[in-house]
Amino acid sequence: MINKEKPIGLFDSGVGGTTIWKEIVKLMPYENTLFLADNKNAPYGGKTKEEIIVLCERNTEFLLENKVKIIVVACNTGTTNAISHLRSKYKDISFIGIEPAIKPAGLQSVTKKVGVLATKGTLSSELFMKTSNDLIKKEGIQIVEKIGEGLVNLIEKGQIESPEIFELLKKYLLPMAEENIDYLVLGCTHYPYLLPQIQKIIPENIKVIDSGYAVAKQTKNVLSQSNLLNDSQRKPHHIWFSNGNLSVLQQFAPNIDNLKLQQI
C-alpha cells in the first residue's frame, strides 16, 4: 500500500535549501517534509566532484533512513555534480534537481545577455556547461558568469545584512550590469536571501530569477504522476535537521508550531 503521508526529503550544503523548502510548502501545504542542512561541510562550491558525490550520497542515505518518498537536491552544486550518479545508484526513489535558470532567462532576454551568479562548483560542472553552450549556439545568448566567492560562508554565519556581503555583491554585480545584462540568474539556493541587497545594487531594469518555484512545481508533478501527493489534508509536520550550527538554521525558520529543528 502506498503511504502518501511519507515526507518529502530535501538536502542542501547548508541553509540555502530552505528557500526551496519554502516554495514547496507554499505550493503543497499538506505535505510533510524533512530538510537536512549539511552545515558541517558547507560550502560545496569549492569541493571536487568526487567529494560532492560522497556528501550527496551521505545526505541521501540519511533521508532514506527517515522514510522519505522523494528527494529534492536543493543545492545547485549538488545537482550539477551528483544527481546523475544518485539517480543511477538509488533507483527506487525519484530525485528532483535544481540548476541555474539560465534557459528561461535566456529565452526572455532582450539584450541577449544574461548574468549568472553561482558557486565555482556549479559554473564548472558538465551539466551547467552543456546548458549554457546550447543557449549560446541556439539562441545567441551571451552568458556573463561570476563566482560568488565568500557569499555562502557569510550567509552560513547569519551575516546576511553585513557590510562584507554588500561589498562582495557590488564587486560581482556591478561589472555584470555594465555588460548590459537584463536578467540576473541566482545560481545558488542561498542567494535568494540576498535579494534586498542585490536590488539596491543593480539597475531596476535587470530582472532577478531563481529556480525555487520551478523546483516546487516539478516536485508536485512527479508526486502526482506517481500517485504520491498527500491528500489527507491533515496539518503537516516539518523537521529541519542540521549537523552544524543549529542556531544559524533557526534564523531562517518561519515561526510556525509544526516545524521542529533537530541537531544530528
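A residue counts as buried when its relative accessible area is under 20%. Keep that cut-off in mind as you move through this predicted model.

**First stop: the two cysteines**

Select Cys75. Its relative accessible area is 4%, so Cys75 is buried. You will find Cys75 in the loop between strand E3 (70–73) and H3. Leaving aside neighbours within four places in sequence, Cys75 is in contact with Phe11, Asp12, Ser13, Tyr44, Ile98 and Thr189.

Not counting residues up to four places away in sequence, Cys188 touches Asn76, Leu117, Thr119 and Val152.

Why show these two together? An unreviewed UniProt entry annotates Cys75 and Cys188 as "active site". They are spread over 114 residues of sequence, yet they cluster in space, with a largest C-alpha distance of 6.8 Å. Both Cys75 and Cys188 are included in the lining of the largest cavity.

**Second stop: the annotated binding site**

Next, select Asp12, Ser13, Tyr44, Gly45, Asn76, Thr77, Thr189 and His190, which the unreviewed UniProt entry lists under "binding site". These residues span 179 residues of sequence but cluster in space, the largest C-alpha distance being 11.9 Å. The lining of the largest cavity includes Asp12, Ser13, Tyr44, Gly45, Asn76, Thr77, Thr189 and His190.

Zoom in on Tyr44, in the loop between strand E2 (33–37) and helix H2 (49–65). With a relative accessible area of 1%, Tyr44 is buried. Look for the polar contact of 2.5 Å between the side chains of Tyr44 and Asp38. Beyond its neighbours within four places in sequence, Tyr44 is in contact with several residues, including Ser13, Cys75 and Thr77.

From there, step to Thr77 in helix H3 (residues 76–89). Thr77 is buried too, at a relative accessible area of 3%. Leaving aside neighbours within four places in sequence, its contacts include Tyr44, Gly45 and Thr119.

**Last stop: a sheet**

Switch to a cartoon view and look for the open sheet of 4 strands, in the order E6-E5-E7-E8 with parallel pairing. Which strands are at the edges? They are strand E6 (142–147) and strand E8 (207–209), each pairing on one side only. From one strand to the next, the twist averages 20°.

Finally, select strand E5 (residues 113–118) and strand E7 (residues 183–187), which run parallel and are joined by 5 bridges. To see one of the bridge pairs, pick Ala118 and its partner in E7, Gly187.

Terms used:
Residues numbered from 1 in each chain as written. Predicted model: local features only at pLDDT ≥ 70, side-chain atom pairs only at ≥ 80, totals over all residues. Heavy atoms only, no water. UniProt positions renumbered as here; feature names shortened; annotations may be inferred. 1 Å grid on protein atoms, 1.4 Å probe; cavity = no way out; pocket = protein on both sides within 12 Å on 5 of 7 lines; lining within 4 Å. Buried < 20%, exposed > 50% of the residue type's maximum accessible area, 1.4 Å probe, protein only. Contact = heavy atoms within 4.5 Å. Polar contact = N/O pair within 3.5 Å; in protein donor to acceptor, adjacent residues only side chain to side chain. Pairing = 2+ DSSP bridges. Axes fitted to C-alpha atoms, helices over the stretch in contact; angles between N-to-C directions.
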